[in-house]
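Open the structure in your viewer and keep the selection tool at hand. This tour goes from stop to stop, saying at each one what to select and what is there.

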Amino acid sequence: MSSAAPTTSRWEAQRSFDELGRPLRDVTFCVVDLETTGGSAAGGSMITEIGAVKVRAGEVLGEFQTLVNPRSEIPPFIAVLTGITNAMVSDAPPIESALPAFLEFAAGCVLVAHNAPFDVGFLKHFAAEQAHPWPRFEVLDTAKLARRVVTRDDAPNCKLSSLAQLFNATTTPNHRALSDARATVDVLHGLMERLGGQGVHTLEELATFSSRVSQAQRRKRHLAEGLPHLPGVYLFRDERLRVLYVGTSKDLRSRVRSYFTASESRTRMGEMVGLAESVDAIPCATPLEAEVRELRLIAEHKPKYNRRSRFPEKVHFVKLTREAWPRLSLVRRVLDDDADYLGPFSSKKTAEKCLAALHDTFPVRQCSDKLARQPSRSACVLAEMGRCLSPCDGSVDTATYAAVVRQLRDTLLHRPDEVVDAINRRMASLAALERFEEAGVHRDRLATFVRAAARTQRLSALTRCPEVVAARREDDGRWSVHVVRHGRLAAAGVIPPGTDAHTYVRQLRASAESVRTAPGPVPAATAEETEKVLRWLESPGIRLVDVDGEWICPVAGATRHLPLYDAVNQSRLSLVPFDEHRLPATVHRPVR
């Protein structure tokens, strides 16, 4: 028999590691970006544009671009975001034609997208709707890869706009599919160039890359020894016992060990581990208790290497005052003054956007001083512009002004439709005139208001309740129980096997933390803690054991508007400038 076959087999088995895998220079990538009418294909959102660039070894092999007729009206909010109007897509092909054309263009390529689950999720959804077999694409997510490579010193975040600026992209992302795909190509090449110096030369190495771990980090693995395999909170401390970092995990020992292995890829964590001399562990009865303890410990110690939740006291509220001529103002804390509050906002800039949305809709006075019941002053510029009812010069009577204030209060507490409808009409007219930049200002204000109103309504609903007791059967078959008082986690526990459930719950309530009520949407805890509690209470399988008070949210409240604005905001955030702050967090998870 010929010896050629064994020789080939031996050669294949003995190839050097450098030859294993597919060299990046030989891989054809198809970088794709979509524009859509919303954030969820399953929820009815449609594709309005597909843009893609095929590239290999740094050379562009071809481009693909098509508008797509969504067969429905594009919401003004989306038109402002993308610049794609109903008129532009009226003669465009439907998705039934556009998708097969794209799949043919991308055949045999590795798909690349920035936040790939969003784009690939839409494409898969419509392929399934058309009963079109989905090709077995390999997928590379530049956002995920950038989080492993780009440090905070390089860029403040891993949004497409920030990365395009970091890598000097030749195309500026502008929320049009082909432009964003071109910018993503430059980001992909920038990431490859940076990783090439670290020995990443194949597609397999690129997909699985994580930062190298130093020997100094590995030598500290003993710090994890002795920690329990339980849920809880861990605190890294330096040689002077100062807290460097606070984290939480369902398995304390396994999580802490990961800081000394290749699974921990954050550069700043490597620096933190280098300073750490000890690790303390606080076992918790439930994961929710661990998450809440983590927040409280971060707020208490303000560790250098925690980025979030360090300053929960630095918040702002929008206040509707109670006085002869009520007005809106920005305040730092909530008082027991019978006023209405919207918030909290994590930054003054965000609060000001919300305030502007309300002033755009309701012509209440914007001056900050107190007015007598019968003021006698001259009108201000805003009054001359028709943006203030001008009570200062007697242009409006108390009854008319009070009616506007009642509408404003109802908007804050119950129905946001007055603001939503007014600003949507303004955006639609501006979009029709192609004044997208001006319309974008109103879009940002509206999104901020909707998110803030929904947040306030949901937080207030829970914090008004003196006590909520709830339970859930966990994966291990045991029941976890939480006692929540005025939105604050007061007690947590797991019912031991063989124990009478009623007796255990009664004892847990008796031992729970006493919580005093106070005015405002988050009187007894930080907004972030109450939101974590809300997430747990809204999770599948929850049983309400007892509710003291009324836990209700307005049916026509702002929450019903969130699916659209959350998705659009998250999409917009991928393109905002370096110096723009994030919008306030919400309990609704962004889709993109």
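Begin with the cysteines: when the whole structure is searched, zero disulfides are found. A disulfide is a covalent bond between the sulfur atoms of two cysteines. Keep in mind throughout that this is a predicted model. Now select Cys354, which is buried with a relative accessible area of 0%, and then Cys388, which also counts as buried because its relative accessibility of 10% falls under the 20% cut-off.

Next, show the whole protein as a cartoon, in which you can look for 21 helices and 15 strands. Of its 592 residues, 52% are buried, and the accessible surface comes to about 28400 Å², with 49% of that belonging to carbon and sulfur atoms. If you consider the contacts between residues at least 6 apart in sequence, 67% of them join residues at least 24 apart.

Which loop holds His486? Select this residue and you will find it in the loop between strand 13, residues 479-485, and strand 14, residues 488-494. Although His486 is in a loop, it is buried, because its relative accessibility is 9% and the cut-off for buried is under 20%. To see what surrounds it, leave aside residues up to four places away in sequence; His486 then touches Leu462, Thr463, Arg464, Cys465 and Pro466, and also Val515, Arg516, Thr517, Pro523 and Ala524.

The following stop concerns aromatic rings. A pair of aromatic rings is described by the distance of the centres and the angle of the planes. With ring centres within 6.5 Å taken as a pair, the count comes to twelve aromatic pairs. For one of them, select Phe118 and Phe122, whose ring centres are 5.0 Å apart and whose planes stand at 50°, so the pair is tilted. Both residues lie in helix 5, residues 116-129, where they are four residues apart, about one turn of the helix, and both Phe118 and Phe122 are buried.

Finish with two places where a lysine lies over a ring. Select Lys54 with Phe105, and you will see Lys54 over the face of the ring, at 4.5 Å from the ring centre. After that, select Lys314 with Phe311, where the charged end of Lys314 sits over the ring of Phe311, 4.3 Å from its centre.

Key
Residues are numbered from 1 along each chain as its sequence is written. This is a predicted model: local features need pLDDT of at least 70, side-chain atom pairs count only at pLDDT 80 or more; totals for chains, interfaces and linings use all residues. Side-chain values use heavy atoms; hydrogens and water are left out. Helices (H or I, at least four residues) and strands (E, at least two) are DSSP runs, numbered from the N terminus. Buried means under 20% relative accessible area, exposed over 50%, partly exposed in between (1.4 Å probe, protein chains only). Contact means heavy atoms within 4.5 Å. Accessible areas come from the Shrake-Rupley method with a 1.4 Å probe; for residues, only the protein chains shown count as cover. Rings of Phe, Tyr and Trp (its six-membered ring) pair if their centres lie within 6.5 Å; planes under 30 degrees apart count as stacked, over 60 as edge-to-face and the rest as tilted. A charge sits over a ring if NZ of Lys or CZ of Arg is within 6 Å of the ring centre and within 35 degrees of the ring normal. A disulfide is a pair of cysteine sulfur atoms within 2.5 Å.
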